[in-house]
Amino acid sequence: MSLDSVTQSVDEAVSGFFEPIARWLGEVVFYAVPVGGTDLPLIVAWLVVAGLVFTGWFGFVQIRKFRLAVDVVRGKYDEKGSAGEVNHFQALTAAVSGTVGLGNIAGVAVAVSIGGPGATFWMILCGVLGMATKFVEVTLGVKYREVHADGTVSGGPMHYLPKGLADRFGANGKKLGKVLAVLASFMVLFFGLFGGNLFQVNQSYAQLVSVTGGEDGLMGSSAGALFFGILVAAIVGIVLLGGIRSIANVTSRLVPAMAGIYIAACLVVILVNVTAVPAAVGTIIDGAFDPEGVAGGVLGALIIGFKRAAFSNEAGLGSAPIAHSAVKTKHPASEGLVALLEPFIDTVVICTMTALTIVIANPASWGEAREGASIGGVTITSDAFATVLPWFPYVLTVAVLLFAFSTVLTWGYYGLKAWTHLFGRSKASEVTYKVVYTLFVITGSLLTLQTLIDMADAVLFTLAVINIIGLYLLAPVVKRELNSFLEFVRARSAGEIAEDDEDKESAKTTA
């Protein structure tokens, strides 16, 4: 029996078993209500409302403290003797690598096809709101993290939900928190294996095949798929063995490089068509408030834009605090401010660059997709690049591979923290997880398992419901932490705190 027939049989068997479960869960989690001629998924409304609430609660912290956030990333307010494993910049790039991926390339193309150019405006707005949510959840992630005896750190909703709820509501809060922690761990682990791993590998392999001659080309055979899977699995396995320090060392170089390559590619397309930029910006703004041919009109464009942004930057889902919790700091809010830069990079910058490139280049495939043709998002973006130089799709392929690899690494770490919360931190437990995760990488190049990927999306967004309830209940804690850090910044800037006094000051301001 050939490898192709084996993988097809496995695909069909798995899909047949899980399809009813995935369909039911998807209908529940992504339940949509008709609003103004289009459908609004309630989970998207849940995430956007959270962004609005936290933006108001913290006085537009994402705008007022944006410069301070950049200063913290630069190391201006680093403190000696801080517990943690990585610096602010490394924590940020590790978390960004988990959100910046194929959704920024393919998902945005689909959004501007369905919702028109105007969806870009609403996508940016949702990204800005998500910055406030990210600030809240990451501050809690660092506040309630667990620093182990060996210096490693564990954080995320599986830690701040039980500890935070116990702090605020006593024994009953502690009991509820423990249940939520187990559920959160399962959800992170499940998505990590299928959404953050298998899907990324599968889609990056598909893009590689498309630029190497298709199914009849160099990488189109089963042997090519197996080779690709084993190669990526080996690299991922080696990096995972080094823990968050190793992952952060890779992502701190990989994320700026991949973002730079992709943004540079977008800028080339934009600069070649520079005279079309004003008209394209006008089209985006006009389309946001007066879209033609979009189901639901303005509301339809808004929903599509919000949906894309919410799915892309993961603000409120509880995943990013796992990476950010490993930062070296004594003030949790310092990393919360760093984290608000994440949706800005992911959505406001990279997603917008993708949308602007497509609108300006206006490839034929985009026009066909807007008329209802079934065309993949990656194809539309690739065609936009190809309007400038025929070999630009190869640049896109490099970006796709880098995005996918960084996402697989970061979700490998997220999954590890979820696994050890469920099954313990023993050496055997960690090695077992890393072996399973690397095997899933190989599986990703051979199998589609689309049903499980769809199910993984639903599972992760279920976590958002639990997580955001916790964020609302624990927002007063975040307010105190922000005030504590701002007082530290004021004192440091005024010269009232010398570096040798920081241990003493930290104890005073966090008491």
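**Entry 1: T397**

I looked up T397 and found it buried, at a relative accessible area of 5%. Buried means under 20% relative accessible area, exposed over 50%, partly exposed in between, with a 1.4 Å probe and protein chains only. The model is predicted, so I note the limits: local features need pLDDT of at least 70, side-chain atom pairs count only at pLDDT 80 or more, and totals for chains, interfaces and linings use all residues. Residues are numbered from 1 along each chain as its sequence is written, and side-chain values use heavy atoms, with hydrogens and water left out.

T397 sits in helix α18 (residues 392-423). Helices (H or I, at least four residues) and strands (E, at least two) are DSSP runs, numbered from the N terminus. What does T397 touch, leaving aside its neighbours within four places in sequence? I found Q207, L208 and V211. Contact here means heavy atoms within 4.5 Å. I also checked V209: 188 residues separate T397 from V209 in sequence, yet their C-alpha atoms are 9.8 Å apart.

T120 belongs to helix α7 (residues 119-143). I read a relative accessible area of 1% for T120, which is therefore buried. Not counting residues up to four places away in sequence, T120 touches V112, I284, T352 and A355.

S154 is in strand β4 (residues 153-154). S154 is buried too, with a relative accessible area of 4%. Its contacts, not counting residues up to four places away in sequence, are R145, E146, H148, H159 and K417. With K417, I found a side chain to side chain polar contact at 3.2 Å. A polar contact is a pair of N or O atoms within 3.5 Å; within protein, one must be able to donate a hydrogen and the other to accept it, and residues adjacent in sequence count only if both atoms are side-chain atoms.

**Entry 2: α2 against α20**

I turned to helix α2 (residues 42-57) and helix α20 (residues 450-493), which pack at about 10° with axes 10 Å apart. Axes are lines fitted to C-alpha atoms, for helices over the stretch in contact, and angles run from 0 to 180 degrees between N-to-C directions. That angle makes α2 roughly parallel to α20, a term for angles under 35 degrees.

Which residue classes make up the contact of α2 with α20? I noted 17 nonpolar, no polar and 1 charged residues. Ala, Val, Leu, Ile, Met, Phe, Trp, Tyr, Cys and Pro count as nonpolar, Asp, Glu, Lys and Arg as charged, and the others, Gly among them, as polar. On the α2 side I listed residues including W46, F54 and W57; on the α20 side, Y472 and K479 are among them.

**Entry 3: Aromatic rings**

I then went through the rings and got 24 aromatic pairs. Rings of Phe, Tyr and Trp (its six-membered ring) pair if their centres lie within 6.5 Å; planes under 30 degrees apart count as stacked, over 60 as edge-to-face and the rest as tilted.

F121 and W122 are edge-to-face, 5.0 Å centre to centre with 90° between the planes. F121 is partly exposed at 31%, whereas W122 is buried at 9%. F194 and F440 are also edge-to-face, because their planes stand at 85°, with centres 5.2 Å apart. F194 is in helix α8 (residues 157-210) and F440 in helix α19 (residues 427-446), so this pair ties together parts 246 residues apart in sequence. Both F194 and F440 are buried.

One aromatic cluster consists of W46, F54, W57, F58, F135 and Y472.

Definitions and conventions
Parallel < 35°, antiparallel > 145°, perpendicular 65-115°, else oblique.
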